[in-house]
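Biologist: I should like to go through this protein with you step by step. May we begin once it is on display?

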Amino acid sequence: MDLQFKRHRRLRQNATMRSLVRENFIRLEDFIYPIFVIEGENIKNEISSMPGIYQFSLDRLAEEMDEVQSLGIKSVLLFGIPAQKDECGTGAFHDHGIVQEATRFIKEKYPEILVVADTCLCEYTSHGHCGMVEGDQILNDSSLKVLTDTAVSQAKAGADIIAPSNMMDGFVAAIRQGLDEAGFTHIPIMSYAVKYASSFYGPFREAADGAPQFGDRKTYQMDPANRHEAFREAHSDIEEGADFLIVKPGMPYLDIVRDVRNEFHVPVVIYNVSGEFSMVKAAAANGWIEEQAVVMEMLTGMKRAGADLIITYHAKDAARWLQEN
Ligand code: PBG
């Protein structure tokens with residue numbers, strides 16, 4: 001027999017050999033776990049489209065944080081749902097706003113856990129847009145001041161990282177300047193630099209009560225068909241001072257994660273968003289897929305695509321599975 005071919009199966013012949021040559025790994029430190037905090041008392045509301053994910057009032061947040069801590073998750077991303085909304089989203093930058101109070105609580109009781117504050121207005125505005133509105137226009141420059149005030153109030157409350165997700169032009173420059181002037185030169189910005197106008201955010205809008213009341217977000221979030229635009233967005237955020245770049249959503253945009261990883265030398269974060277989570281949960285509940293195997297494969301795929309960190313609602317489950325193995 002003079003067949004010529006390569007024997008790739010040599011390196012796959014048993015579990016030990018496979019683990020010897022494995023290229024990508026998920027670590028507990030990779031996870032950033034989103035938490036929804038809501039104004040009010042004694043609230044633990046499950047999000048109907050996101051099984052296992054809840055809105056917590058401050059007095060019940062310890063239940064969630066104790067679990068996060070015992071599972072070894074090191075970072076949480078906070079979203080706030082205020083009792084009242086208004087045109088300007090004033091709840092977002094109130095010194096005693098829900099995210100500010102939750103941040104103080106976590107930093108006091110769980111000082112080792114990093115608090116990442118999502119900096120946006122859509123949960124706080126009556127119209128549900130991420131900036132100031134005039135008629136049917138979403139205003140850019142006048143939104144920057146409100147976003148900067150929000151970031152500064154979050155930093156004052158003790159947030160370790162500011163993560164602006166609003167997609168106004170210049171938000172990184174404005175927030176960096178605002179943080180620096182307020183004495184927070186040491187607080188990094190994790191920018192949602194590459195954020196697409198995605199239908200995968202559907203369940204989140206129920207969780208955070210932040211659906212736009214008119215129109216859509218297509219004048220500020222990106223067109224899912226575009227790739228060059230991702231480079232333009234990421235380049236300007238780096239020039240403006242971003243310390244981390246987020247690509248969002250995750251699974252349908254792994255090519256963009258790889259592009260961003262190859263082009264830039266800052267940590268790249270992927271956001272495995274609500275709709276991706278809900279699809280997995282629904283299929284698993286129907287017995288159509290094996291949840292643990294599918295989730296770990298997805299998360300590993302995100303690392304392989306080039307993500308350093310993963311924002312994911314699966315973090316607690318995945319942490320449990322990592323501990324078991
Ligand atoms: C706020 C924001 C959104 C998400 C994160 N921050 C929603 C949106 O832009 O409409 C989505 C997260 C998810 O779907 O898990 N601007």
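Biologist: How many helices and strands are in the chain, and what is its radius of gyration?

Modeller: The model is a predicted one. The chain holds 11 helices and 12 strands. For 325 residues the globule rule gives 20 Å, and the chain is close to that value, so it is as compact as a globular protein of that length. Its radius of gyration is 20 Å.

Biologist: What share of the residues in the chain is buried?
Modeller: A residue is called buried when its relative accessible area is under 20%. Of the 325 residues in the chain, the buried share is 54%.

Biologist: Among contacts with a separation of 6 or more, what percentage joins residues 24 or more positions apart?
Modeller: A contact requires heavy atoms within 4.5 Å. Among the contacts in the chain with a separation of 6 or more, the part that joins residues 24 or more positions apart is 74%.

Biologist: How far apart are the end C-alpha atoms of helix α4?
Modeller: Helix α4 covers residues 141-156, which is 16 residues. At 1.5 Å a residue, α4 should span 22 Å.

Biologist: Which residue with a positive phi follows α4?
Modeller: The buried residues of α4 include Leu-144, Val-146 and Leu-147. Their cover includes elements such as α3, β5 and α5. After α4 comes a residue whose phi is positive, near 115°, namely Gly-158.

Biologist: At what angle do helix α8 and helix α10 pack?
Modeller: Two packed helices are described by the angle between their axes and the distance between the axes. For α8 (residues 254-263) and α10 (residues 291-305), the axes are 8 Å apart. The angle is about 35°.

Biologist: How many nonpolar residues does the contact of α8 with α10 have?
Modeller: Leu-254, Val-257 and Arg-258 of α8 meet Gly-301, Met-302, Arg-304 and Ala-305 of α10. By class, 1 residue of this contact is polar and 2 are charged. The number of nonpolar residues is 4.

Biologist: Which residue with a positive phi follows α10?
Modeller: α10 has 15 residues and reaches 21 Å from its first C-alpha to its last, close to the 21 Å expected. Its buried residues include Val-295, Met-298 and Leu-299, and the cover of the buried residues includes β1, α9 and α11. The residue after α10 has a phi near 120° and is Gly-306.

How values were computed. Residues are numbered from 1 along each chain as its sequence is written. This is a predicted model: local features need pLDDT of at least 70, side-chain atom pairs count only at pLDDT 80 or more; totals for chains, interfaces and linings use all residues. Side-chain values use heavy atoms; hydrogens and water are left out. Helices (H or I, at least four residues) and strands (E, at least two) are DSSP runs, numbered from the N terminus. The expected span of a helix is 1.5 Å times one less than its number of residues. Buried means under 20% relative accessible area, exposed over 50%, partly exposed in between (1.4 Å probe, protein chains only). Axes are lines fitted to C-alpha atoms, for helices over the stretch in contact, and angles run from 0 to 180 degrees between N-to-C directions. Ala, Val, Leu, Ile, Met, Phe, Trp, Tyr, Cys and Pro count as nonpolar, Asp, Glu, Lys and Arg as charged, and the others, Gly among them, as polar. The radius of gyration is taken over C-alpha atoms; the globule rule is 2.2 Å times the number of residues to the power 0.38.
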